[in-house]
Amino acid sequence: MYQTEGMKTQLDLYGRLGKYIEIDRDLQALDSIVVKEIGDEFERIDGVRLVNQAKVLKAMREEGLAESHFVGSTGYGYGDAGRDITDRIFARVFGGEDALVRVQMVSGTHALTTCLRAVLRPGDTVLSVTGRPYETLEEVIGIRGNAPGCFKEFGIGYSQLDLKEGRIDLEAVSGKIDNSVKLIFLQRSTGYDWRPSLSIADIEKAIAYIKGLKKDLIFMVDNCYGEFLEDREPLEAGADIAAGSLIKNPGGGLALTGGYIVGKKEFIDLAAAALTAPGLGKECGATLGITRSFLQGLFLAPHIVAEAVKGAVYASRVFERLGFEVSPRYRDGRSDIIQSIKFNSKEQLLSFCRGIQKGAPVDSHVTPYPWDMPGYGHQVVMAAGAFVQGSSIELSADAPIREPYYGYLQGGLTWDHMRLGVLITLQQMKTEGLISI
Ligand SMILES: *Cc1c(COP(=O)(O)O)cnc(C)c1O
């Protein structure tokens, strides 16, 4: 067959790649099969990406974003036009009346806690209809441990409706709603759980149904890891307030810290009072020159998230082909960027996390060990060789050290990095005799 020089080099991809990473013939074969298999998924992901890019672009154009907005402020931060336009752009993108996007929110947990503080008062109860909330929130609410200042201490109650076969148990909701229930809490992502993420359609259906049971309920969504997975966001499905972390999806890998809250204006005003002080609200809070990275990060976020999702789809199919149970499977719908893999032993799990660390651009020489991370109820091992500390929109893996040995993989600023990270990990696991390919 006639071949051009270009075709020959294309065929020799693994040969050229072999100059930079070790990848044996069995792995090459696996990689090449999987990349072909997942092509249709990539097309679907590109569609979501394009729509979300258009959404972000429209918000920035309509708000008239300009170079002057990137200047930033110091001190109290009064009159910071860049901060205010950032809030308005986030509000448009997430379908809210208003937003609070702040460097002063130290994490996703802080943003979510600020929402809860905003609306809950002594005597109120929060009802989680998606089972156990994310681990760090258990301490915030007072479900686990006795952290000083937890909601329990303020007489705020908590009740929980467990998922039924991974779905919201709508039939059982009415039994959980009494007069004290003020806020319904929904978590979009799986967090550290082996379950499907909640789709926007699931959220919409649940909110519509529960609204029919009691008036004046406030619906709050933990949107961490879910941003830009679909064309719509929780507020467009009936939620009143939603929050997340800027070192996950919506920061696009560029935001260096921070959190966001979006929602109805009255709740954003309350959240601002809860974050700063009653009476100060949204008007305070210096941006210290970080506005450009927040907005450039948001602009890139639809693309970066699509890269991470492609990586997750690839990892899902690779590990499934190697005989591991995975959640979600590569063709399943996804409403978060997390890929869960069930390992057979602690050794496999640790080797997996160490392989991901080894494949990181930063701290690749570091060996992750299980540790008692603040806010978590058991030991956790984390592979995070990121440019931004703890950023999980960058390729990262974490796992609670307990049976069954689930490993959670997420992020990847480029899908190529996820591909390389997985290949490096597999090669290591194979060398250690922990998997056969
Ligand atoms: C990451 C995460 C959080 C907490 O965010 P941090 O920034 O780690 O505090 C809360 N909920 C879910 C679902 C998450 O994925």
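Helices (H or I, at least four residues) and strands (E, at least two) are DSSP runs, numbered from the N terminus. The structure is a predicted model, in which local features need pLDDT of at least 70, side-chain atom pairs count only at pLDDT 80 or more, and totals for chains, interfaces and linings use all residues. Residues are numbered from 1 along each chain as its sequence is written, and side-chain values use heavy atoms, with hydrogens and water left out.

Helix α11 spans residues 291-321 and contains Phe299. Phe299 has a relative accessible area of 32% and is therefore partly exposed, a class that lies between buried (under 20% relative accessible area) and exposed (over 50%), with a 1.4 Å probe and protein chains only.

A polar side-chain atom of Thr109 is 2.5 Å from a ligand oxygen atom, and for Lys248 the corresponding distance to an oxygen atom of the ligand is 2.9 Å. On its own the ligand has 380 Å² of accessible area, of which the protein covers 90%; such areas come from the Shrake-Rupley method with a 1.4 Å probe.

Strands pair if DSSP finds at least two bridges between them. Strand β9 (residues 339-343) runs antiparallel to β12 and is joined to it by 5 bridges, with Gln339 opposite Leu409. Strand β11 (residues 396-400) also pairs with β12 in the antiparallel sense, over 3 bridges, and a hairpin of 4 residues joins β11 to β12.

Technical notes
A polar contact is a pair of N or O atoms within 3.5 Å; within protein, one must be able to donate a hydrogen and the other to accept it, and residues adjacent in sequence count only if both atoms are side-chain atoms.
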